[in-house]
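Me: I'm new to this one and have just opened it. Could you walk me through it while I ask some quick questions?
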Amino acid sequence: MEKPVLKVENLSRSYKDGFTLQIPYLEFQEGKIYTLFGPNGAGKTTLLNLLAFLDFPEKGKILFREKEVTSKNSNLVLLRKKITLVMQDPYLFKGSVIQNVYYGLELRSLKFNEVKEKIGKALNMLGLWKLRNRDVQTLSGGERQKLALARAIILDTEALLLDEPTAYLDEVYTASIEEFISNIMAKSSRTLIMATHNLEQAHRLSKEIIFLLGGRIQSVSPWNAYSAEVRGEGDLKTAQINSGPEIYVVTKKSGRRRLGIDPKNIILSLDRIESSALNSFKGKVTSIKEINDLMQITVKRGVDFNILITHKSFAELKIALGKDLYLTFKASAVEVFR
Amino acid sequence: MDNIFEGIRCALKMIVRLDRQVISIALISIKVSITSIILATLLGVPVGFYVALKDFWGKQAAVVILNTLMALPTVLIGLLVYSFLSRQGPLGTLGFLYTPWAMVIGQSILAFPIVAGLSLSATQGVDKRVKKTALALGANGRQTALAILAEGRFAIFAAIIAGFGRVFTEVGISMMVGGNIQGYTRNITTAIALETGKGEFGLGIALGIVLLMVALPINILFYYFQRKKS
């Protein structure tokens, strides 16, 4: 049976700048990887701070192992020791690499000699062993991020929260950190919740993607994500979407893949447009919603395609439920994931 | 000019021979100032830390008062301490007036706002992520406070050293509440004032050199911590 480690019920948290995070219900199961996906300002960091018990909601509840956690909990420090958060721009304490890794263990009253081996193992896994005595001020951005990760992972907490761990890193460091996260999670029963604004990364690392936009969870992903069979030679291939149309994609990958199309990259029109875009087909409007100053139109063509357009375009096209519209997008606008 | 050169020659001779009078006066200065700075640190660092981190009613006023007190004239502190410790004063029964303790009290009052005010700035200067990082890694309130102090340690040491520099070189308080009693409350600054008045430039200059010899490493330390901080 699946056990939730963390649960959020009817949560609401407002800030002076007018931003409000509102989550009716969310739960995080033991041993799973979750990604919080959304643009900057979607509420990912706010939610992580609440889940790490560093902030508390004005309304609603956060439950850890089915028990409510509030700022007045007498065992709050003990609860915080069961969860740890690595910030987007992590702070490293003045001193050496090894002193930083030992910090959280020291807070748990563990003597250095007892954990020496464990520290060595963690630093080795992240390729930081040779830097163990280096002053943290001399580390590069990638090394700093890895050290912050090592400092958190070594604590073996029940949940690990990562706030955009690769936001400022180049591709090489991003790949090595993603590999490390995947490896560590494969051997562990802990829960990982990671914020990212990179959908490809979200798909690479987890199956559970939570879409946040304007402080709210989007029940329908504003991103169009599909399973498809990618076929063909060269970079331009075709992808047969399950129960949907066949589309053109630009990728080196083939076989069973996940596809993503940014809803802002799809053009809606009343008639077929003559353009360089290789993908153009007709569908029927099944849903119309307002999302943050934009209109989200769902057009069905076997599967649902979500398209974000302005109010002006919405009015000009006279969009209504049941209306037939053409969808047009470039082959390169389709992201091909794992 | 001759008497100045004669004074310098005489001063160097006294220092090289480790003149007993010079040593005794210097030791009184060092003992009194170190005791004062310890007391001012014990009180000033926590006060600066508290004001920097806690939100409370009147916080802005507390910051303004601390900053104003940093410029307190020593004669005003001397007058205040004198009025409390004199025989008619509320603490007159303690019998502290014209003892090193009276100097310690006065110098501690002088150093307290300097240490507290600079500690406040030092704490405010500590990266805001320190608190969040410590809490996220499982620190309790005390451990979080220690982490913040540890991160701001160079700036806080600099605050203490600035306070020590101020009390070590003050003269008003020592003169007014210490009484400049030879071998008991006569410190470097009061001795320089006295000897200069008497025209004894040799001892005055010798003590001045000793003062600078102590002030120099203090300033080197101050500079070191300032650099470390930045």
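Me: Let's start with chain B, then. What share of its residues count as buried?
Reply: Keeping in mind that this is a predicted model, 45% of the 230 residues of chain B count as buried.

Me: And how many helices and strands are in chain B?
Reply: The secondary structure of chain B comes to 11 helices and 0 strands, so that, because helices and strands are both taken from DSSP runs, reading from the N terminus gives α-α-α-α-α-α-α-α-α-α-α.

Me: What does chain B span along its principal axes?
Reply: The C-alpha trace of chain B spans about 65 × 45 × 25 Å along those axes, and the chain exposes about 12,000 Å², with carbon and sulfur atoms supplying 69% of that area.

Me: What about contacts in chain B between residues at least 6 apart in sequence, how many of those join residues at least 24 apart?
Reply: Among those contacts in chain B, 75% join residues that are at least 24 apart in sequence.

Me: Where is Leu91(B), and why does it count as partly exposed?
Reply: Leu91(B) is found in the loop between H4 and H5 of chain B. Its relative accessibility is 37%, and therefore Leu91(B) counts as partly exposed, since that class lies between the 20% and 50% cut-offs.

Me: Changing topic, is Thr144(B) buried or exposed?
Reply: Thr144(B), which lies in helix H7 (residues 141–151) of chain B, counts as buried because its relative accessibility is 5%.

Me: What is around Thr144(B)?
Reply: Leaving aside neighbours within four places in sequence, Thr144(B) is in contact with Lys131(B), Ala134(B), Leu135(B) and Ala139(B).

Me: Now chain A: how do strands S1 and S2 run?
Reply: Strand S1 (residues 4–14) and strand S2 (residues 20–29) of chain A run antiparallel and are joined by 9 bridges. As one example of the pairing, Ser12(A) has Gln22(A) in S2(A) as its bridge partner.

Me: And what is in the turn between them?
Reply: S1(A) and S2(A) form a hairpin with 5 residues between them, and Gly18(A) in the turn has a positive phi of about 95°.

How values were computed:
Residues are numbered from 1 along each chain as its sequence is written. Chains are lettered from A and ligands numbered from 1 in the order in which they are written. This is a predicted model: local features need pLDDT of at least 70, side-chain atom pairs count only at pLDDT 80 or more; totals for chains, interfaces and linings use all residues. Side-chain values use heavy atoms; hydrogens and water are left out. Helices (H or I, at least four residues) and strands (E, at least two) are DSSP runs, numbered from the N terminus. Buried means under 20% relative accessible area, exposed over 50%, partly exposed in between (1.4 Å probe, protein chains only). Contact means heavy atoms within 4.5 Å. Two strands pair if DSSP finds at least two bridges between them. Accessible areas come from the Shrake-Rupley method with a 1.4 Å probe; for residues, only the protein chains shown count as cover.
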